[in-house]
Amino acid sequence: MEAAYQQMAGRLMIALDVPDAEQARQLMRQLEGMPCYMKVGMQLFYSAGPDLITEMKAMGYSVFLDLKMHDIPNTVRGGAGSITRLGVDMFNVHAAGGVKMMKAAREGAAEAAEAAGISVPTMIAVTQLTSTDQATMNNEIGIAGTVEEAVIRYAGLTKQAGLDGVVASPLEVAAIQAACGTEFITVTPGIRPQGSEQGDQSRVTTPGQAIRGGSSYIVVGRPITAAPRPREAAEHIIREMMNHDSI
Ligand SMILES: O=C(O)c1cc(=O)[nH]c(=O)n1[C@@H]1O[C@H](COP(=O)(O)O)[C@@H](O)[C@H]1O
């Protein structure tokens with residue numbers, strides 16, 4: 001595998017939103033050897049539990065545990081400690097929990113990592129979910145202004161709390177980098193290759209547009225996991241990420 005391919009594959013996070021460990025294993029086997037991240041969300045983790053994380057790590061995958069913690073600081077501190085002890089590479093919280101909560105997550109992870117002699121996972125915060133559009137944010141959630149303004153405010157709080165980056169739509173990456181710097185990590189779901197169903201996502205781009213826009217990592221679920229041949233779908237996306245200038 002050429003170096004450029006390997007490097008780009010490392011920026012692809014595959015969302016394994018499947019009901020149980022067996023279905024996850026099938027996908028892990030089909031994708032074996034691809035140097036991608038596996039993203040484990042609440043559907044799979046609540047069903048398969050921590051053992052599957054160990055299996056994934058043993059297969060050589062990097063793991064992003066996406067449990068989007070949002071609770072009082074003390075509870076999130078404890079949760080972050082437990083997650084860190086699983087040996088994951090990345091996890092997330094909701095920026096809407098505020099600076100104190102995010103700092104508690106950071107402290108909980110740091111303490112657990114030190115006690116276990118392991119490295120501290122990358123910690124990121126969800127800004128506005130990519131399924132949320134402007135009208136929903138203004139009229140239901142009760143946040144005024146544009147989605148981009150809300151995302152930038154959450155990104156600023158995340159940086160203030162000392163976390164490593166945010167989850168946002170690729171459409172907001174340029175503004176996040178302008179506000180928080182290019183070292184600040186941007187993990188972007190809401191990715192739809194041309195011709196694939198938008199489903200419940202609102203703020204979407206193609207993989208090529210996301211890479212061109214500066215996303216550190218792109219998160220792709222159903223366009224890979226629901227494809228007839230998931231490995232081919234993932235490889236196609238990696239090629240598109242590599243050729244983003246011509247797409
Ligand atoms: O934190 C996330 O990963 C996340 C945040 C967000 O704003 N939007 C979002 O879609 N996600 C996750 O990214 C994945 C997107 O999956 P697909 O829509 O199937 O590509 C899902 O696992 C979501 O839980």
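In helix α8 of this predicted model, the buried residues are Val-147, Ala-150, Val-151, Ile-152, Tyr-154, Ala-155, Leu-157, Thr-158 and Lys-159. Strand β5 in turn belongs to a closed barrel of eight strands, which runs β1-β2-β3-β4-β5-β6-β7-β8 with parallel pairing.

**Helix α8 and what follows**

- Helix α8 takes in residues 147–160, and at 1.5 Å a residue its 14 residues should span 20 Å, which agrees with the 20 Å that separates its end C-alpha atoms.
- Just after α8 comes Gly-162, which takes a positive phi of about 85 degrees.

**The barrel and its strand pairs**

- In the barrel, whose strands pair in parallel, neighbouring strands are turned against each other by 25 degrees on average, direction ignored.
- Helix α4 (residues 50–58) packs on this sheet, where it touches β2 and β3, and the direction of α4 makes about 150 degrees with that of β3.
- Strand β1 (residues 12–15) pairs with strand β2 (residues 37–40) in the parallel sense over three bridges, and Met-13 stands opposite Tyr-37 in β2.
- Strand β2 is joined to β3 by four bridges, and the two run parallel; here Tyr-37 stands opposite Ser-62 in β3.
- Strand β3 is joined to strand β4 (residues 90–94) by three bridges, again in parallel, with Phe-64 standing opposite Met-90 in β4.
- Strand β4 is joined to β5 by five bridges, and these strands also run parallel; the bridge partner of Phe-91 in β5 is Met-123.

**Buried strands**

- In a regular strand the side chains alternate between the two faces of the sheet.
- Why is β5 described as largely enclosed by the rest of the structure? Five of the five residues of β5 are buried, so the strand is largely enclosed.
- Both faces of β5 are covered, with Thr-122, Ile-124 and Val-126 buried on one side and Met-123 and Ala-125 buried on the other.

**Single residues in their surroundings**

- Lys-68 lies in strand β3 and has a phi near 45 degrees, a positive value in a residue other than glycine.
- Most residues other than glycine have a negative phi.
- Is Lys-68 buried or partly exposed? With 17 other C-beta atoms within 10 Å, Lys-68 is partly exposed, because a residue counts as buried if 20 or more lie within that distance and as exposed if 12 or fewer do.
- Lys-100 is found in helix α6 and counts as exposed, because it has 12 C-beta neighbours inside 10 Å.
- The C-alpha atoms of Lys-100 and Ile-72 are separated by 8.9 Å, although these two residues are 28 residues apart along the chain.
- Met-28 is found in helix α2 (residues 21–30) and is partly exposed, because 19 other C-beta atoms lie within 10 Å.
- Once its neighbours within four places in sequence are left aside, Met-28 is in contact with Met-38, Met-56 and Met-59.
- Between Met-28 and Ala-155, which are 127 residues apart along the chain, the C-alpha atoms are separated by 32 Å.

**The shell around the ligand**

- Which residues come nearest to the ligand? Of the 18 residues around the ligand, Ala-15, Thr-130, Pro-189, Gly-221 and Arg-222 come nearest.
- The elements that give two or more residues to this shell are β3 (62–69), β8 (217–220) and α11 (222–225).
- By kind, the residues of the shell divide into eight nonpolar, six polar and four charged.

Definitions and conventions
Residues numbered from 1 in each chain as written. Predicted model: local features only at pLDDT ≥ 70, side-chain atom pairs only at ≥ 80, totals over all residues. Expected span 1.5 Å × (residues − 1). Near = placed C-beta within 6 Å. Nonpolar A, V, L, I, M, F, W, Y, C, P; charged D, E, K, R; others polar. Pairing = 2+ DSSP bridges. Axes fitted to C-alpha atoms, helices over the stretch in contact; angles between N-to-C directions. Contact = placed C-beta atoms within 7 Å.
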